[in-house]
Amino acid sequence: MELGLVGLGKMGGNMRERIRRAGHTVIGYDRNPDLADVNSLQGLVDKLKGPRVVWVMVPAGAATQSTIDELAELLSPGDIVVDGGNSRWTDDEKHAEELKAKGIGFVDCGVSGGVWGLENGYALMYGGEKDDVAKVQPIFDALKPEGDFGAVHAGKVGAGHFAKMVHNGIEYAMMQAFAEGWELLEKVDSVTDVREIFRSWQEGTVIRSWLLDLAVNALDDDEHLEKLRGFAADSGEGRWTVEAAIDNAVPLPAITASLFARFGSRQDDSPQMKMIAALRNQFGGHAVESKK
Ligand SMILES: O=C(CO)[C@H](O)[C@H](O)COP(=O)(O)O
């Protein structure tokens, strides 16, 4: 089938390649002309025969919104827009309504697989009407990993991004657990080879996993991670997971703590620990450390 793909960055560029390898035609548009097959969204829409399927793979928020606004004007009734970015699931209903007013279908799709997806396939979680999903199915089949697993119709519009958001929340907590275990092992003198302990865990253990494999890769590159600064950014999905937990009164202590650990990583001199030091000093005369 034919697909229009908007956004040809790290994810979109590799996805174009994987879909083409499966024998489909992909017309790609990106603001960077070096990556694009056409020089505008109008050009992309003109090149596709109807009914069209256009997959949007641009950063969540303003970039996704403006792309969908533009597509709503350019596409025709019966066409489908897929949002494959990491959009907040609460935006999906709005996007579906905006497009529905023009007779255009909408499917939201959480995509996991990172830079490894080109070869390994992408895990897909999609939400939307059955008929709309069916029109995109050949593309889902091309992108998903080989075998029985790796793709799911998660439910109504929004369910795909909700599932991906929770996946990323779990990702935060798993990474935090590996990071904490690694730091503790590194701290203890009697342990002489932390990297080999991590490597040994790759087979036979309860915690063997792709994240563990990636941790071993990272330690092979830089055994004590000395080249890195202890700073972790976040793209929003961890926050949204915690917000959804609050809205639904679901306790998420591990995911919440892992999100807050990232916030802590951005502080060189913790303001709250200054207050704790000051209070301990006030009530107990406990020693404080002064700024150098
Ligand atoms: O979806 C992903 C992996 O599954 C992305 O890599 C995601 O952007 C990572 O999130 P964060 O920047 O918040 O760590």
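Reader: What should I know before I start?

Author: Residues are numbered from 1 along each chain as its sequence is written, and side-chain values use heavy atoms, with hydrogens and water left out. Because this is a predicted model, local features need pLDDT of at least 70 and side-chain atom pairs count only at pLDDT 80 or more, while totals for chains, interfaces and linings use all residues.

Reader: OK, how do I read the packing of α7 and α10?

Author: Two packed helices are described by the angle between their axes and the distance between the axes. Here, helix α7 (residues 159-187) and helix α10 (residues 237-247) have axes that come within 8 Å and cross at roughly 105°. They are therefore roughly perpendicular to each other (65 to 115 degrees; under 35 is roughly parallel, over 145 roughly antiparallel, the rest oblique). Helices are DSSP runs (H or I, at least four residues) and strands are too (E, at least two), numbered from the N terminus. Axes are lines fitted to C-alpha atoms, for helices over the stretch in contact, and angles run from 0 to 180 degrees between N-to-C directions.

Reader: And which residues of α7 meet α11?

Author: G169, I170, Y172, A173, M175 and Q176 in α7 meet A254, I255, S258, L259, A261 and R262 in α11; contact means heavy atoms within 4.5 Å. The axes of α7 and helix α11 (residues 253-265) are 8 Å apart, at an angle of about 70°. That makes α7 roughly perpendicular to α11.

Reader: Which residues surround the ligand?

Author: Look for N86, S112, K164, H167, N168, E171, Y172, D234, S235 and R262; a residue is near if one of its heavy atoms lies within 4 Å. Helix α7 gives the most to this shell, with five residues. Ligand oxygen atoms lie 2.5 Å from a side-chain N or O atom of K164, 3.0 Å from one of N168 and 2.5 Å from one of Y172. Taken alone the ligand exposes 380 Å², and the protein buries 69% of that (Shrake-Rupley method, 1.4 Å probe).

Reader: What about the backbone?

Author: Most residues other than glycine have a negative phi, and most peptide bonds are trans. In this model a cis peptide bond joins G50 and P51, with omega about -15°. You'll find P51 in the loop between α2 (41-47) and β3 (53-56). L225 has a positive phi, near 55°, and sits in the loop between α9 (210-221) and α10.

Conventions. A polar contact is a pair of N or O atoms within 3.5 Å; within protein, one must be able to donate a hydrogen and the other to accept it, and residues adjacent in sequence count only if both atoms are side-chain atoms.
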